[in-house]
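Trainee: I would like to learn how to read a protein–DNA model. Please take me through it feature by feature.

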Protein chains: 2
Amino acid sequence: MTTTQELAEGLDDLPYNVFAKACPSRGTLEHVMGRWGGLTLGALYEGSLRFNELRRRVDGVSEKMLSQTLHALERDGLVHREAQPTNPPRVDYELTPLGRQVAERLLTLIHFVEGSMDEVLAARERYDSARA
Amino acid sequence: MTTTQELAEGLDDLPYNVFAKACPSRGTLEHVMGRWGGLTLGALYEGSLRFNELRRRVDGVSEKMLSQTLHALERDGLVHREAQPTNPPRVDYELTPLGRQVAERLLTLIHFVEGSMDEVLAARERYDSARA
DNA sequence: CAGCATCCCCGGGGATACTG
DNA sequence: CAGTATCCCCGGGGATGCTG
């Protein structure tokens, strides 16, 4: 079990600190935790996917945003793009080893939130009815 | 009637599936992983903080956005707000037990990203110079 | 101190059309 | 299929001012 102490110390002692406005880690974290970035990494955890497969899997994402998201993640070294020069074209996206480690931690969070939704929904009802 | 969406959810064996556009878990995940939500939960992991302490800790957040973020997290049952009727007023924010579990997983991700920044920055340089 | 209210701007992001 | 290009709108979010 990770202690409070260890988690807190890590934040202060690392060369990169996401709580600092100008830290480059904040940009990457926004790619990873952004509206579509997180879901994209999560979807790719199960295996490589083609563009439109990915698009169907990440329900609601537009072509433009998926393209943009993939570029950012590829640039950060989290996703690898493999294009086959066939006709029709076939492009596969897969996680890099680093992306895989990020996605793993991301999915831990995602699954926990999914599993907590009943509690969250109950909290909302309490909150709303308390000030109705 | 059985929709494609319901079948997809069935595959995960979870009542909530964040990959489905209409799933309520997506909203909560956006609160948790949003630009300011994640940092706010992370900051509160170390202990309860007052409004302006929090604001200084989450470098760059505006008053309005912090207020908005805290309301959303409080409504979702992740943050508890404790107001003292003193003068001047004192309000403490702290994680609920649920919020604490979320924050723990969040910090694992944040910490990992911070620790990967050298690798990320290197990947960016490779990416950029490859198409300069 | 802890905020809500208001104004306002810019860019996130959707819709559509087009290309290789 | 796998995108890019363009248009355009709405709301995220900053700045400022005010209150208890």
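Mentor: First, the conventions. This is a predicted model, in which local features need pLDDT of at least 70 and side-chain atom pairs count only at pLDDT 80 or more, while totals for chains, interfaces and linings use all residues; side-chain values use heavy atoms, with hydrogens and water left out. Residues are numbered from 1 along each chain as its sequence is written, and chains are lettered from A and ligands numbered from 1 in the order in which they are written.

Trainee: Which residues are closest to DNA strand D?

Mentor: A residue is near a strand if one of its heavy atoms lies within 4 Å of it. Here 18 residues surround DNA strand D, the closest being Arg50(A), Ser67(A), Arg81(A), Tyr93(A) and Lys64(B). By class, that surface has 7 nonpolar, 4 polar and 7 charged residues (Ala, Val, Leu, Ile, Met, Phe, Trp, Tyr, Cys and Pro count as nonpolar, Asp, Glu, Lys and Arg as charged, and the others, Gly among them, as polar).

Trainee: Which element gives the most to the surface near DNA strand D?

Mentor: Helices (H or I, at least four residues) and strands (E, at least two) are DSSP runs, numbered from the N terminus. H5(A) gives the most, with 4 residues. H4 (51-57), H5 (63-75) and S3 (90-95) of chain A, and H5 (63-75) of chain B, each supply at least two residues.

Trainee: What share of the DNA strand D atoms within 4 Å of the protein belongs to sugar or phosphate?

Mentor: The share is 56%, and the rest belong to bases. For individual atom pairs, Asn52(A) has a side-chain N or O atom 3.1 Å from a phosphate oxygen of DNA strand D, and His71(A) has one 3.1 Å from a phosphate oxygen. The side chain of Glu63(A) places an N or O atom 2.8 Å from a base oxygen.

Trainee: Where does a cis peptide bond occur in chain A?

Mentor: Most peptide bonds are trans. Asn87(A) and Pro88(A) are joined by a cis bond, with omega about 5°, and Pro88(A) lies in the loop between S2 (79-84) and S3. In chain B, the bond from Asn87(B) to Pro88(B) is also cis, with omega near 5°.

Trainee: How much space lies in the largest pocket?

Mentor: On a 1 Å grid over the protein atoms alone, a pocket is an open set of points where a 1.4 Å probe fits, with protein on both sides within 12 Å along at least five of seven lines; lining residues have an atom within 4 Å of a point. Grid points are joined across faces, edges and corners, and a volume is the space filled by probe spheres set on the points. The largest pocket holds about 200 Å³. Its lining has 13 residues, with Ala123(A), Arg126(A), Glu74(B), Gly77(B) and Thr96(B) closest to the centre.

Terms used:
Polar contact = N/O pair within 3.5 Å; in protein donor to acceptor, adjacent residues only side chain to side chain.
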